[in-house]
Structures are given as structure tokens and as C-alpha cells.
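Visitor: I would like to go through this model and ask what stands behind each label.
Guide: Then let us take the labels in turn.

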Amino acid sequence: VPWFSDPRIMVYRQDLWSEAGYPEGPQTWEDLVAGGLAIKEAHPELDTVLMLPGQDLGHYLGELIWQNCGDILSEDGSEVTWTDPRVVEAVQFFADLIHEHGLVAPQNAEWTYDDALTRFWDGGVAAMYFGSEYSRVATPEQMSALEGKIAYALEPAGACRSNFVGGSNLMVFESSDQQDAAMQ
């Protein structure tokens, strides 16, 4: 029963972000908004500019808080820091991505990981925060269609630049010859 975990990265359509003036992808929150708005205007056919799948949406908010030098708990763990200005700014930025800028489609809240990934591989998403499993639902044809158009970067920085390691779960692989023993 291996422990599975991976870092989140920004997987982005380099062709779209290059067209918007950001060939290396958005490096800051300001880049994310400016480039995202340019992409949204030029490509209204997209399902969403930034994909943050609704399943486990809360950890994306944590990522934004950490990218803004904030934290969810005080250093000693004795209190929640929701009123810290860095946390408030990150929460507001997240809300603005949805409501003010329209870069995260509201229906993202209902999409599972596989819904999100299917939309990405169908060409309907300009960028997403994801882990190494982002290719799990892609067909060989979809991968070929986007070959040379996908790139990877650290998630954009607020006041800080940080990364998130997620997907921490005990796993039993389908290919395991010892599935029953592993489950016990």
C-alpha cells in the first residue's frame, strides 16, 4: 500500500499564454489576471481560463493563502488566522478570479477531477493547478493534438511563491498482484 503524493503545478496551454504575452506562463497573480483576461477575450469558446476543480476546492484556497505569505493557523497552532490581512487578500483574490474577472468559471465548483481533465484535454481550459495525474484521462489523440502546446510552471506568486503537495493518500494500484492483502 504505497503512499501517493505529488506537488501541484500550473499546467498551461503555452500557445494561448504566449498569444497573451506570457510564453513562460503567468509568474505572478497580476500576470494571471492580465493574461487570463486577454485569453478570455480572444477565446470565448473556452470552458474556463483557469481550472480549479470543485472537488476538494478548499485546498486551492490554501495554496493561494500560502502564495501570499499567509497561513491558515498561527505558528504555534493555537488560533485560526482568517483575519490576517494576507489571508483576507488571498481569499478576495480567489473570489475575484470567479466573480470580478470571470477567469474561473462558476460551474468549476461542480466539476470533478475527471470532468476538469476532460475539458483540459478537449482544449477548453487555458491553465490549471494540478498534480502529476493530469494526463490520466487523455486519449493518445488528445495528447497528440496538444503536443507542443502544453507547458508547466510553478503556480503564480502573490507576495510569496510557494508550492503545495497534495493527493496524500494510501493507494492500492489496479495493477497490484496483492490487492486483497493490501486492503487488509
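Visitor: Why is Cys69 called partly exposed?
Guide: This is a predicted model, and the values are computed from it. The relative accessible area of Cys69 is 27%. Buried means under 20% and exposed means over 50%, so Cys69, at 27%, is partly exposed.

Visitor: What makes Cys160 partly exposed?
Guide: The relative accessible area of Cys160 is 25%. That value also falls between the cut-offs of 20% and 50%, so Cys160 is labelled partly exposed.

Visitor: How do you know that a disulfide joins Cys69 to Cys160?
Guide: The S to S distance between Cys69 and Cys160 is 1.6 Å. A disulfide requires the two sulfur atoms to be within 2.5 Å, so the pair qualifies. The count by this rule is 1 disulfide.

Visitor: Which parts of the chain does the pair tie together?
Guide: Cys69 sits in the loop between helix 3 (58–67) and helix 4 (85–98), while Cys160 sits in the loop between strand 5 and strand 6 (165–170). The parts tied together are therefore 91 residues apart in sequence.

Visitor: Why is the disulfide of Cys69 and Cys160 called right-handed?
Guide: The torsion about its S-S bond is about 105 degrees, so the disulfide is right-handed.

Visitor: Is Arg8 buried or exposed?
Guide: Arg8 has a relative accessible area of 5%. Buried means under 20%, so Arg8 is buried. Arg8 belongs to the loop between strand 1 (3–7) and strand 2. Its C-alpha atom is 9.8 Å from that of Tyr60, and the two residues are 52 apart along the chain.

Visitor: What is the order of the strands in the open sheet?
Guide: The sheet has 4 strands in the order 3-4-2-5, with mixed pairing. Strand 3 (48–51) and strand 5 (150–153) each have a single partner strand, so they stand at the edges and one side of each lacks a neighbour in the sheet. From one strand to the next, the twist averages 15 degrees.

Visitor: How do you know that strand 2 and strand 4 pair?
Guide: Pairing needs at least two bridges; 4 bridges join strand 2 (residues 9–13) to strand 4 (residues 125–130), so the two strands pair, and they run antiparallel. Within this pair, Val11 is opposite Met128 in strand 4.

Visitor: Which strands does helix 2 touch?
Guide: Helix 2 (residues 29–42) packs on the sheet and touches strand 2, strand 3 and strand 4. The direction of helix 2 makes about 140 degrees with that of strand 3.

Definitions and conventions: Residues are numbered from 1 along each chain as its sequence is written. This is a predicted model: local features need pLDDT of at least 70, side-chain atom pairs count only at pLDDT 80 or more; totals for chains, interfaces and linings use all residues. Side-chain values use heavy atoms; hydrogens and water are left out. Axes are lines fitted to C-alpha atoms, for helices over the stretch in contact, and angles run from 0 to 180 degrees between N-to-C directions. Contact means heavy atoms within 4.5 Å. Buried means under 20% relative accessible area, exposed over 50%, partly exposed in between (1.4 Å probe, protein chains only).
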